[in-house]
Amino acid sequence: MNWEQLFQMQRQLDTYIQNNHQLVANELFDRKVLALLVEIGELANETRCFKFWSKKAASEENVILEEYVDGLHFILSLGIDQGLEMDVVTISSIDGDTTSLFLELYQSVQTFRAETNEANYRYLFGVFIRLGQALGFSENAIMQAYIDKNEVNFERQDQNY
């Protein structure tokens, strides 16, 4: 995956948003962490992986993928803000079902928030990518979905979203 390109695209979007809303990047850390947690919850809700009480099927793959890249936007943004951009992401070797991966992802976000360092960011990123694999997403699908959603996010800013 071309992480350098995605970090660059995210940096441009972040700058655009910050300029449009007169925001300062270093004042947004907790808001971005909360936004990431919310996006992870929305993703889990679309997969329905934890809904043992329901027989309803998961949402369509494109809906789940869009929720997934929403989370990716915030992970990239957090890395940019903390000076933790990388060109290689090591995928965590976590086994288990998607519910276990979601729980590990939530924990890794909180660990990164509590101790913001490269090791915790790398682990968070790796768990997120591992979850994408478990959901069946290829690198190409993630990349294209990110590019598509990034364009939508710029359009939303232009429309006072």
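**Backbone angles and burial**

Reply: Gln 22 lies in the loop between helix 1 (3-21) and helix 2 (29-47). Helices here are DSSP runs of H or I with at least four residues, numbered from the N terminus. The model is predicted, so local features need pLDDT of at least 70 and side-chain atom pairs count only at pLDDT 80 or more, while totals for chains, interfaces and linings use all residues. Residues are numbered from 1 along each chain as its sequence is written, and side-chain values use heavy atoms, with hydrogens and water left out.

Me: What is the phi of Gln 22?

Reply: Most residues other than glycine have a negative phi. The phi of Gln 22, however, is positive, near 50°. Arg 48, in the loop between helix 2 and helix 3 (61-81), also has a positive phi, of about 60°.

Me: Is Arg 48 buried or exposed?

Reply: Buried means under 20% relative accessible area, exposed over 50%, and partly exposed in between, with a 1.4 Å probe and protein chains only. Arg 48 counts as buried because its relative accessibility is 16%. Gln 22 counts as exposed, at 66%.

Me: Which side chain makes a polar contact with that of Gln 157?

Reply: A polar contact is a pair of N or O atoms within 3.5 Å; within protein, one must be able to donate a hydrogen and the other to accept it, and residues adjacent in sequence count only if both atoms are side-chain atoms. Gln 157, in helix 6 (residues 139-158), makes one with the side chain of His 21 (2.9 Å). Gln 157 is buried, at 12%.

Conventions
Helix = DSSP H or I, 4+ residues; strand = E, 2+ residues; numbered from the N terminus.
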